[in-house]
Amino acid sequence: MFQIRGKSIPLTIVDIYFLTGLSRWGAPISLLGSARGGESVRDYVHKYCREGSQPSKDGKIIIRDVTDRSFRTILFTFGRMAGGTALHVANRSYMQYALECLELEVFNWCDAVLLVMKEQLTKVKSGRLKNFGYGSILTAFALEKIPLMQP
């Protein structure tokens with residue numbers, strides 16, 4: 001929640017829908033866990049990255065190696081939404097969601113964005129993070145501009 005002039009203003013899912021203008025329907029997405037099924041990171045690298053690419057040392061996809069520009073943009077956007085510190089790599093879950101975006105499935109982004117925003121604000125309040133970068137809010141607006149990610 002935000003504290004403004006001594007008043008508490010809670011942040012709810014309705015606020016996220018209002019701020020972003022995103023749809024209230026669609027398949028839920030979780031940027032914090034791992035998706036089930038799908039292919040291995042090595043398989044994804046082999047299929048979607050330039051020839052000779054390998055996973056990163058921690059077993060993730062190096063985004064700059066992805067050959068399709070739209071796909072790279074989507075993967076980077078997921079990392080930004082999740083508040084990731086290593087924005088140059090994508091995990092297997094991000095890859096699975098990005099592939100689903102190419103199939104034009106509608107997602108409920110707002111719940112995931114709200115969780116990340118609350119987590120970031122809590123870290124700022126407790127001193128574990130120095131500032132709140134508004135990346136989640138900005139990314140949500142960017143989702144409207146990426147044709148494959150429009151709700």
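This tour visits a few residues of the structure one by one, with a note on what is found at each stop. The model is predicted, so local features need pLDDT of at least 70 and side-chain atom pairs count only at pLDDT 80 or more, whereas totals for chains, interfaces and linings use all residues. Residues are numbered from 1 along each chain as its sequence is written, and side-chain values use heavy atoms, leaving out hydrogens and water.

**Threonine 67**

Select threonine 67, which lies in the loop between strand E4 (61-62) and helix H3 (69-81). Helices (H or I, at least four residues) and strands (E, at least two) are DSSP runs, numbered from the N terminus. Threonine 67 counts as exposed, because its relative accessibility is 52%; exposed means over 50% relative accessible area, buried under 20%, and partly exposed in between (1.4 Å probe, protein chains only). Leaving aside residues up to four places away in sequence, threonine 67 touches Tyr48, Cys49, Arg50 and Arg72, where contact means heavy atoms within 4.5 Å.

**Arginine 50 and aspartate 65**

Next, select arginine 50. Its partner in a salt bridge is aspartate 65, with the closest N and O atoms 2.7 Å apart. This pair links distant parts of the chain, 15 residues apart: arginine 50 is in the loop between helix H2 (41-48) and E4, and aspartate 65 is in the loop between E4 and H3. A salt bridge is a side-chain nitrogen of Lys or Arg within 4 Å of a carboxyl oxygen of Asp or Glu. Arginine 50 is partly exposed at 45%, while aspartate 65 is buried at 8%.

**Lysine 47 and glutamate 39**

Finally, select lysine 47, whose side chain meets that of glutamate 39 in a salt bridge (2.7 Å, N to O). Glutamate 39 is partly exposed, with a relative accessible area of 27%. The structure holds two salt bridges.
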